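I opened this notebook to record what I looked up in one structure. The entries follow the order in which I consulted it.

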Amino acid sequence: MRKKIVAGNWKMNKDYTEAEELLFGLKDRLIEKPQRDGVDVIVCPPFPFLDLAYDAATDEEGEEYLFYLGAQNCASTEDGAYTGEVSARMIASMGATHVIIGHSERRKYFKESSEQLFEKVNLALDNELVPIFCCGESLEEREKGIHFDVIRKQLEEVVFKLKESEFSNVIIAYEPVWAIGTGKTATTEQAEEMLAFIRGLIKDKYSKDIAEDSYLLYGGSCNDKNAAELFACPDVDGGLIGGAALDLEKFLKIIYAA
Ligand code: PEP
C-alpha cells in the first residue's frame, strides 16, 4: 500500500523571517495535529533556508523528521569552479532528504537539458537524496494531442535510463506546464489518465512490482479546494504544491486532505 506525499515547492519566495514563521508554524501545527498515518510531508524552501528548515523539521536530537526537507534544484556537476551553483552533496550535508529535478521553470528559464537532468538525478542518488523528477507538457503539446509522447520522451531521456535499483528511489511529479501557477488545474480525469499512463510505462520498462511501488504526484494549481478529489484518484499518490504551499492554512488543509 503506497503512502501519500504532499510536497511544497516554495520557488523563489519568502525572506528569512517569513520562512521562519512558515516553517515553525508548520512544525507547531503538525505537533498539535499530526498528518494522517501514511502521509509524508516534504517542504522545499530556497537553499538559504535549508538550515532553518532542518531545525523546524527535526526533533531535538535532529534525528526524527516531522516533515521531510527538499531542495528545488542541484548542480549537474559534483563540485568545483561553478560560481553560484549548489551541489547535491552540499544539500545532503544540510540534512535534506529530497531534491526537485527538472521543474518546468528550470527547463524553460535555465534551458536545462535532459543530459543535465540525468547528471543531476545521478548526483542526487549518489548523495542519498530522493529525486522528485518533474515532467509535463505545454498547452500547445496537449492541444496537438502529443502529450503522452512528450511525457514518455521526458521519462525515457532521464529516469528510464536508470537501473531498476536506482529508479525505485525516484518520485515522479507530473506537472502539466499549462496548470502551473495559472489557477487552471488539470481535471481529476486528466491527472489520473496521465499518471496511470506513466505507471504503465514503468511496468513495461521495469516490472509490475516497481510500477505498483512507484510514487507519482500531480502538480499544477493543486490547492486546498481540489486536493482531496485529486488525491482520491487511484494513481495519484499526492501532490507537488507551489502557490498554496506558501500559505500555512492552505498547505495544512492539503496535508489533512491527503
Ligand atoms: C509547482 O511549481 O511545482 C507548482 C505545482 O506550482 P502551483 O501549485 O503554484 O501551480
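**Entry 1. Basis.** I note that this is a predicted model, in which local features need pLDDT of at least 70 and side-chain atom pairs count only at pLDDT 80 or more, while totals for chains, interfaces and linings use all residues. I number residues from 1 along each chain as its sequence is written, and side-chain values use heavy atoms, with hydrogens and water left out.

**Entry 2. The ligand.** I looked up which residues come nearest to the ligand. There are 14 residues around the ligand, and Lys-11, His-103, Glu-175, Gly-181 and Ser-221 come nearest; a residue is counted here if one of its heavy atoms lies within 4 Å of the ligand. By class, I find 4 nonpolar, 8 polar and 2 charged residues in this shell. In this scheme Ala, Val, Leu, Ile, Met, Phe, Trp, Tyr, Cys and Pro are nonpolar, Asp, Glu, Lys and Arg are charged, and the others, Gly among them, are polar.

I then turned to the oxygen atoms of the ligand. Glu-175 places a polar side-chain atom 2.7 Å from a ligand oxygen. A backbone N or O atom of Gly-181 lies 2.6 Å from an oxygen atom of the ligand, and for a backbone N or O atom of Gly-243 the distance is 2.8 Å. The protein covers 95% of the 290 Å² of accessible area that the ligand has on its own (Shrake-Rupley method, 1.4 Å probe).

**Entry 3. Lys-11.** I located Lys-11 in the loop between strand 1 and helix 1; helices (H or I, at least four residues) and strands (E, at least two) are DSSP runs, numbered from the N terminus. Its phi is near 55°, a positive value in a residue other than glycine. Most residues other than glycine have a negative phi.

Lys-11 also forms a salt bridge with Glu-105, with the closest N and O atoms 2.8 Å apart (a side-chain nitrogen of Lys or Arg within 4 Å of a carboxyl oxygen of Asp or Glu). Glu-105 belongs to helix 4 (residues 104–109), so the pair ties together parts that are 94 residues apart in sequence. Glu-105 is partly exposed at 25% relative accessible area; buried means under 20%, exposed over 50%, and partly exposed in between, with a 1.4 Å probe and protein chains only.

**Entry 4. Other salt bridges.** How many salt bridges does the structure hold? I record 14. In one of them, Lys-120 pairs with Glu-112 at 2.8 Å between the closest N and O atoms. Lys-120 is buried at 4% relative accessibility, and Glu-112 is buried at 8%.

Arg-152 forms a salt bridge with Asp-149, at 3.2 Å. Both lie in helix 7 (residues 147–156), 3 residues apart, about one turn of the helix. Arg-152 is partly exposed at 29%, and Asp-149 is partly exposed at 44%. I also noted a network of salt bridges that links Arg-2, Arg-199, Glu-212, Asp-235 and Asp-237.

**Entry 5. Ser-221.** I found Ser-221 in the loop between strand 7 (215–219) and helix 11 (227–231). Is Ser-221 buried or exposed? Ser-221 counts as buried, at 17% relative accessibility. Its phi is positive, about 55°, although it is not a glycine. A polar atom of its side chain lies 2.7 Å from the backbone oxygen of Ala-179. Beyond its neighbours within four places in sequence, Ser-221 has contacts (heavy atoms within 4.5 Å) that include Gly-181, Thr-182 and Asn-226.

Key
A polar contact is a pair of N or O atoms within 3.5 Å; within protein, one must be able to donate a hydrogen and the other to accept it, and residues adjacent in sequence count only if both atoms are side-chain atoms.
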